[in-house]
Amino acid sequence: MPVLVFVHGAGSTHKAWSYQTAHFRNALAIDLPGHGNSAGDGKKEIVEYVEVVKNYCDEKNLKKIVLIGHSMGGAIAQKFALIYPEYLEALVLVGTGAKLRVHQDIFDAIRKDYSQAIEVIVNLAFSAKTDSRMKELSVIEMGKTRWQVTYGDFEACDKFDCMDQIERIKIPTLIICGSEDCLTPVEYSEYLKNKISNSELKVIEDSGHMVMLEKPKEFNETLEKFIEKLGR
């Protein structure tokens, strides 16, 4: 089984992948700089985060991995696949898009009152059907990331656009999104599916942007089937 490397989204940490790292062997979840257990400052460009992931792989001598990215992590994964395809056996893009614009209201809210902004962002990120305790835990976890780091993450997302390059990705790609994702709607994933020739799309019902936390059983089963097919 290939090593699975998980990359979290803006303002998040490796804990976004708790259900996956507990389920899959050979699973590694990164904390990007300034997030979770990782020291330093965050970045303001997706390509800078790509270099962080490459350095991580080099330090651990990882090759032919399955790179799995959520939201901003999905942007990082796409750019990584375009720049360093030799490192990858496959790609998994979760709740992301080939272009990620961020509304100015998000930037204004983070600067004005970070705690309140986190609550707004978390409420947008989960389906209305999601248990409130999961949302509360996500608010706590996101609050551990300094506002400057989260702000920089959203700047990186806002500048990200590889719509004119995405067709160059040729490795097997799994695209997963929640049916009720209002941050990166299903149409974003459909665009990826239409542009990446060797790809498949799974829409998981009754889930939002944090599909891997909201529907871990369905998410893990989908990922498991995809990985099994790689070995055939």
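A charge sits over a ring, in the sense I use today, if NZ of Lys or CZ of Arg is within 6 Å of the ring centre and within 35 degrees of the ring normal. By that criterion the charged end of K54 sits over the ring of Y84, 5.4 Å from its centre, and K63 lies over the face of Y87, at 4.9 Å from the ring centre.

Please keep in mind that this is a predicted model, in which local features need pLDDT of at least 70 and side-chain atom pairs count only at pLDDT 80 or more, while totals for chains, interfaces and linings use all residues. Residues are numbered from 1 along each chain as its sequence is written, and side-chain values use heavy atoms, with hydrogens and water left out.

Now to the ring pairs, where rings of Phe, Tyr and Trp (its six-membered ring) pair if their centres lie within 6.5 Å, with planes under 30 degrees apart counted as stacked, over 60 as edge-to-face and the rest as tilted. The count by this rule is seven aromatic pairs. One of them is the tilted pair of W17 and F219, 6.3 Å centre to centre with 50 degrees between the planes. Y84 and Y87, in turn, form an edge-to-face pair, 5.8 Å centre to centre with 70 degrees between the planes, and Y84 and Y87 are both buried.

Notes: Buried < 20%, exposed > 50% of the residue type's maximum accessible area, 1.4 Å probe, protein only.
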